[in-house]
Amino acid sequence: MNFTILRFDEIDSTNTEALNQAKRGANEGLCVVARQQTAGRGRMGRVWISEKDAGLFFSIVLRPPLETRFLPLVTLMSGTAVHDTLETLYNIDCDIKWVNDVYVAGKKICGILAETTETTNGPAVVVGIGINLKSTNFPPEISATATSIEAETKQLPNVEALLQKLTFFLSEYCELFYGAGGAEKIREEWTKRSSYAFGKRVRVMLENETIHGTTRGIEANGALRVELDSGEIRTVHAGDVENLRSF
Ligand code: BTN
């Protein structure tokens, strides 16, 4: 993959900028990086706090040559790439919470927001990745549930080295994903790295109900199978989930 990196000192949201670039025809591999975001977005309409140099705020334009039904796997693919980046560079033992949050010892270190858009040269997916570099500025409501590279390694990371390794793994996993049997391979790689894939007791808050059960792997399109205590198997799609907690 060829990368072009656009860098900003301050921006509203790197995802917004990458979506605009995609609409204007940007190729796969266009990346947007900012030191600070004034309107960082999380999933479910949440805010992603993005103070200057406290995180890596990164978005990439992808144009997966795949059937639409496999597009949700882009998020699993990205979570896998972040997982490998953090383990390789910093030796941090990471877990991937379905669908794509990266955790260290029960605390979130990275969030991923994938958004799709139609463009004149076909659909594009923008993957936004926020990796916490330091924890010093976490507001009290997230300090108990979040961690950072600095907190885990006792050292502030070199952002350029992080960016380089992240783009390397994204490129590797995109190649795997786009090749023959790629969707299945991504599913396998994700499953190997996530304690959520099998046998995890979870509570999932759906739009109209909350279900409790045990995870039983993921479907071909990345949906999570949950076995209810009644024995019924439910399939949970990323878009359906309001909250997934292990208990
Ligand atoms: C989440 O866990 O809710 C997803 C958070 C995604 C945050 C990243 S930071 C870079 C990119 N730009 C944004 O506005 N959001 C994503």
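Contact means heavy atoms within 4.5 Å. The structure examined here is a predicted model, in which local features need pLDDT of at least 70 and side-chain atom pairs count only at pLDDT 80 or more, whereas totals for chains, interfaces and linings use all residues. Residues are numbered from 1 along each chain as its sequence is written, and side-chain values use heavy atoms, with hydrogens and water left out.

In the contact between helices H2 and H6, Leu73, Leu76, Met77, Thr80, His83 and Asp84 of H2 meet Ala183, Ile186, Glu189, Trp190 and Arg193 of H6. By class, this contact has six nonpolar, two polar and three charged residues; Ala, Val, Leu, Ile, Met, Phe, Trp, Tyr, Cys and Pro count as nonpolar, Asp, Glu, Lys and Arg as charged, and the others, Gly among them, as polar. Helices (H or I, at least four residues) and strands (E, at least two) are DSSP runs numbered from the N terminus. H2 spans residues 73-90 and H6 residues 182-193; their axes come within 9 Å and cross at roughly 45°. H2 is therefore oblique to H6. Axes are lines fitted to C-alpha atoms, for helices over the stretch in contact, and angles run from 0 to 180 degrees between N-to-C directions. Angles under 35 degrees count as roughly parallel, over 145 as roughly antiparallel, 65 to 115 as roughly perpendicular and the rest as oblique. The crossing of H2 past H6 is left-handed; a crossing has this hand if the near helix is turned anticlockwise from the far one by less than a right angle, and is right-handed if clockwise.

Helix H5 (residues 159-178) packs against H6 at an angle of about 130°, with the two axes 6 Å apart. This angle makes H5 oblique to H6. Tyr173, Leu176 and Phe177 of H5 meet Gly182, Ala183, Lys185, Ile186, Glu189 and Arg193 of H6. The residues of this contact divide into five nonpolar, one polar and three charged.

For H2 and H5, the axes come within 8 Å and cross at roughly 135°. H2 is thus oblique to H5, and H2 passes H5 in a right-handed crossing. The contact of H2 with H5 has 16 nonpolar, four polar and two charged residues.

The ligand is surrounded by 20 residues, of which the closest are Ser13, Gln37, Arg41, Arg43 and Lys108; a residue is near a molecule if one of its heavy atoms lies within 4 Å of it. A polar backbone atom of Arg41 is 2.7 Å from an oxygen atom of the ligand. For Arg43, a backbone N or O atom lies 2.6 Å from a ligand oxygen atom. In Lys108, an N or O atom of the side chain is 2.6 Å from an oxygen atom of the ligand.

Two backbone features occur in loops. Met44, in the loop between strand S2 (30-34) and strand S3 (55-62), has a positive phi of about 55° although it is not a glycine. A cis peptide bond, with omega about 10°, joins Trp98 and Val99. Val99 is found in the loop between strand S4 (94-97) and strand S5 (101-104).

How values were computed:
A polar contact is a pair of N or O atoms within 3.5 Å; within protein, one must be able to donate a hydrogen and the other to accept it, and residues adjacent in sequence count only if both atoms are side-chain atoms.
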